[in-house]
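I opened my notebook to record, one entry after another, what I looked up in this model. Each entry stays with one part of the chain before I move on.

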Amino acid sequence: FSLLMESAFGQRMESCPVSLSHAIESKLQQVRRHIITHLDEAPDSDQLAVMYELPRNTLKEGYKFVYGKTIHQYHADHKFESALQMLNQGELLVKEVAFKIGYQNPSHFISAFKKKFGYTPKQYLKRETLV
């Protein structure tokens, strides 16, 4: 498993800092599904720990070990993956995509998108139509 994690995430992980039983891994999968289905909400580690009956440290360390990212990194990355999919479908305006993934202000979404990808959502759409 360590070799798999190393090849997938480029880091050597000898062992998880917390004990991961099958039950804990199952709960971490539930947390991941929760994050995916609630993209418009910033994940709260304390709340998720209570909801899924996990010690906070086990949730945070175990999640990072299993998925290679913190809960917040995973959430942010998945939000932008979803935004790209919605933009590619062409059914929603940029501001509608922003609202769907939890931004209250479309200009904040546009700025964050540009910071992550190096171009605005409209520039992305123009690039896609040129390809």
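**Entry 1: a loop residue**

I began with Glu53, which is found in the loop between α3 and α4; helices here are DSSP runs of H or I with at least four residues, strands are runs of E with at least two, and both are numbered from the N terminus. I noted that this is a predicted model, in which local features need pLDDT of at least 70 and side-chain atom pairs count only at pLDDT 80 or more, while totals for chains, interfaces and linings use all residues. Residues are numbered from 1 along each chain as its sequence is written, and side-chain values use heavy atoms, with hydrogens and water left out.

Is Glu53 buried or exposed? It counts as exposed, at 64% relative accessibility; I wrote down that buried means under 20% relative accessible area, exposed over 50% and partly exposed in between, with a 1.4 Å probe and protein chains only. I also looked up the backbone of Glu53 and found a positive phi of about 50°, although it is not a glycine. Most residues other than glycine have a negative phi.

**Entry 2: the whole chain**

I then stepped back to the protein chain, whose secondary structure comes to eight helices and zero strands. Of its 131 residues, 36% count as buried. Taking contacts (heavy atoms within 4.5 Å) between residues at least 6 apart in sequence, I found that 56% join residues at least 24 apart.

**Entry 3: helix α2**

I looked up the length of α2: its 16 residues should span 22 Å at 1.5 Å a residue, and its end C-alpha atoms are 23 Å apart, which agrees. The expected span is 1.5 Å times one less than the number of residues.

Which residues of α2 are buried? They are Ile24, Leu28, Val31, His34 and Ile35. These cover an arc of only 115° around the axis, which puts them on the same side of α2; the arc is that of the directions from the helix axis to the C-beta atoms. An α-helix has 3.6 residues a turn, so residues three or four places apart point the same way. On the other side of α2, His22 and Thr37 are exposed. The cover over the buried residues of α2 includes α3 (45-51), α4 and α5 (71-89).

**Entry 4: α2 against α4**

Helix α2 (residues 22-37) packs with helix α4 (residues 56-67) at an angle of about 85°, and their axes are 10 Å apart. That makes α2 roughly perpendicular to α4, a label for angles of 65 to 115 degrees, whereas under 35 counts as roughly parallel, over 145 as roughly antiparallel and the rest as oblique. From α2, the contact is made by Ile24, Leu28, Gln29, Val31, Arg32 and Ile35, and from α4 by Thr58, Leu59, Gly62, Tyr63, Val66 and Tyr67.

**Entry 5: helix α4 and what follows**

I checked α4 as well: its twelve residues should span 16 Å at 1.5 Å a residue, and its end C-alpha atoms are 16 Å apart, which agrees. In α4, Thr58, Leu59, Gly62, Tyr63, Phe65, Val66 and Tyr67 are buried. Seen down the axis of α4, its buried residues fall within an arc of 165°, so they line one face of the helix. Just after α4, Gly68 takes a positive phi of about 75°.

Thr70 lies in the loop between α4 and α5, and at 29% relative accessibility it counts as partly exposed. Leaving aside its neighbours within four places in sequence, I found Thr70 in contact with Tyr63 and Lys64. The C-alpha atoms of Thr70 and Lys60 are separated by 6.9 Å, although these residues are ten apart along the chain.

**Entry 6: His78**

My last entry is on His78, which is found in helix α5 and is buried, with a relative accessible area of 16%. What does His78 touch, not counting residues up to four places away in sequence? It touches Ile36 and Leu39. His78 and Leu39 are 39 residues apart in sequence, and 7.8 Å apart in space from C-alpha to C-alpha.

Technical notes
Axes fitted to C-alpha atoms, helices over the stretch in contact; angles between N-to-C directions.
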